[in-house]
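Trainee: I would like to go through the labels on this model and see what each one rests on.
Mentor: Then ask about them one at a time.

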Amino acid sequence: MLNDFTARLIDEFRANAGQVGGPFENSRLLLLTTTGARTGQPRTAILTYYPDGARTLVVGSAGGSPKHPAWYHNLLADPEVTVDLGLFSYPATAVVLRGSERDEVFARLVEADPGWGEYQKKTTRAIPVVALEQRPGPPPGADRGFGEALKIIHAAFRRELSLIRKEVATSGTLGAQLRINCLTVCQGLHFHHTGESTGLFPALVQQHPELTEVVDALQVEHDQIAVLLGELERLVGAPEVLDQIDELIAQLNAHLDREEAALLPYL
Ligand SMILES: [Fe+2]
Ligand SMILES: [Fe+2]
């Protein structure tokens with residue numbers, strides 16, 4: 001059974017597309033739905049997560065209790081899970097990290113958030129780290145149409161970059177996990193723009209030749225943002241990184257606004 005606090009947090013998460021207030025305002029949270037090992041019923045937990053390239057990491061701390069959390073037992077029995085990031089959800093396969101990989105990743109997460117280390121001190125079990133790997137399928141929000149999908153993915157980038165900006169501004173030095181957060185969003189943006197440049201843009205121009213000029217201008221912005229992303233990847237860890245992130249956020253948000261204004265009527 002969920003306690004009241006958790007149930008309320010999940011309700012708030014669902015009502016606000018993944019944004020919650022209070023102590024978790026600047027946390028990355030997801031809803032993990034597993035299949036109950038004993039009941040066979042869907043069970044949803046709300047967890048802090050960490051970006052890690054193509055996968056997402058969660059930690060089975062259970063507040064440092066002697067027992068693993070129920071969701072961990074469930075995914076050992078059935079690793080097929082659903083991940084809900086608030087803006088969109090996707091099916092994933094849960095992979096438990098083992099041995100030195102688990103230890104290295106856990107150390108990185110403790111560096112990012114010493115609370116995990118405090119939980120580990122309270123228990124003799126090794127706190128599990130689980131990677132959630134997205135299963136192949138339609139892109140986020142595709143079931144709600146191309147226009148909705150574009151808005152959702154843009155909102156996710158805006159949200160992630162503003163979180164990273166806060167994290168970089170408050171941490172004197174960039175820890176290993178924060179560098180990974182940065183590189184993950186760079187990869188995600190690169191992937192998104194490549195998809196638009198090679199798929200969406202040519203398809204739109206073919207259907208609507210009057211869009212040629214506006215799509216050309218959007219493409220120029222993709223090229224400019226690609227340069228900024230390259231610079232950012234190079235500067236991750238250097239003191240100038242905050243300025244670079246501010247520049248990226250300014251240019252990217254302007255691009256996303258223009259792209260939505262120009263293309264949404266055609267999607
Ligand atoms: Fe774009
Ligand atoms: Fe876009």
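Trainee: What makes β1 and β2 a hairpin, and which residue in the turn has a positive phi?
Mentor: In this predicted model, six residues lie between the two strands, and G40 in the turn has a positive phi of about 75 degrees.

Trainee: How do you know that β1 and β2 pair?
Mentor: Pairing takes at least two bridges. Seven bridges join β1 (residues 29-35) to β2 (residues 42-48), so the two strands pair, and they run antiparallel. L30 stands opposite L47 in β2.

Trainee: Why is S61 called buried?
Mentor: Buried means under 20% relative accessible area. S61 has 8% relative accessibility, so S61 counts as buried. S61 lies in the loop between β4 and α2. Leaving out residues up to four places away in sequence, S61 touches W116, Y119, R125 and I127.

Trainee: Why is the site of the iron ion (ligand 2) called irregular?
Mentor: H154 (NE2), H192 (NE2), E196 (OE) and E259 (OE) coordinate the iron ion (ligand 2) at 2.0 to 2.2 Å. For four donors to count as tetrahedral, all angles must lie between 85 and 135 degrees. The angles here are 84 to 171 degrees, so the site is not tetrahedral, and it is classed as irregular.

Trainee: Which parts does the pair H154 and H192 tie together?
Mentor: H154 lies in helix α5 and H192 in helix α6, so the pair ties together parts that are 38 residues apart in sequence.

Trainee: Are H154 and H192 buried or exposed?
Mentor: With the cut-off at under 20%, H154 at 0% is buried, and H192 at 12% is buried.

Definitions and conventions:
Residues are numbered from 1 along each chain as its sequence is written. Chains are lettered from A and ligands numbered from 1 in the order in which they are written. This is a predicted model: local features need pLDDT of at least 70, side-chain atom pairs count only at pLDDT 80 or more; totals for chains, interfaces and linings use all residues. Side-chain values use heavy atoms; hydrogens and water are left out. Helices (H or I, at least four residues) and strands (E, at least two) are DSSP runs, numbered from the N terminus. Buried means under 20% relative accessible area, exposed over 50%, partly exposed in between (1.4 Å probe, protein chains only). Contact means heavy atoms within 4.5 Å. Donors are N, O and S atoms within 2.8 Å of the metal (3.2 Å for Na, K and Ca); water is not among the atoms, so sites may look incomplete. Four donors count as tetrahedral if all angles lie between 85 and 135 degrees; four count as square planar and six as octahedral if opposite donors are over 155 degrees apart and all others between 65 and 115; anything else is irregular.
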